[in-house]
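Reader: Could you zoom in on one part of this model for me, and spell out your cut-offs as you go?

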Amino acid sequence: RRERQDVAFLLYAMDRAIQEYPNSIDLRIFELLLVRFIKQDHMEAAMLEKRYKSEKQKLAVDYRYVLFALDRKALKESAGAHLGKGKFSVINVMEFDAGMERSRKAHTQCIIALRKFWSSTKHMKNAERRTLMMEEMLTQLHSVNSAIAYAAKEYASLVELYPASVTLLHTYA
């Protein structure tokens, strides 16, 4: 069982170990992991990671892999934040992409329906065609309303799932 004072002691022991053995690559990689996952100080971890990446040529393959894995984890977390959720998974990305595709298609259908409506108003010239055109225009207005409702429903469901997604909010606007 981990307690709060154990973390503070572990951080102190790590600082002392780094002071005594500053050239130990094992300790420096362990310090990076400790700061990133136990202390959860992402800024300090990023700083340490940059410093160790600059020395990447000196590191063995297994240490370079640790840095690569940390970089991938940070990328996943930033992608999760981009989607609007804290955690990132392939399912979230697939769900987001599918929802965005449905929303874009619904949005396109709205635009097409509006174009058809406005283009039909240009063709009203004689009285007998006006009656037929009015019925067609009412049908097109109905399709515009249904397309708008469908697009609004799709966007609303995505905004509910991913409220912090800048891409989604920009597209929805």
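Predicted model: local features only at pLDDT ≥ 70, side-chain atom pairs only at ≥ 80, totals over all residues.

Author: Contact here means heavy atoms within 4.5 Å. Residues are numbered from 1 along each chain as its sequence is written, and side-chain values use heavy atoms, with hydrogens and water left out.

Ala 113 counts as buried because its relative accessibility is 8% (buried is under 20%, exposed over 50%, with a 1.4 Å probe and protein chains only). Leaving aside residues up to four places away in sequence, Ala 113 touches Ser 143 and Val 144. Ser 146 is 33 residues from Ala 113 in sequence, with 9.8 Å between their C-alphas.

Now the close look, at α3. Its 13 residues reach 18 Å from first C-alpha to last, close to the 18 Å expected at 1.5 Å a residue (1.5 Å times one less than the number of residues). Ala 45, Leu 48, Glu 49 and Tyr 52 are the buried ones in α3. Down the axis of α3 they fall within an arc of 105°, so they line one face; the arc is taken from the directions from axis to C-beta atoms. Turned away from that buried side of α3 are the exposed Met 43, Met 47, Lys 50 and Ser 54.

Key:
Helix = DSSP H or I, 4+ residues; strand = E, 2+ residues; numbered from the N terminus.
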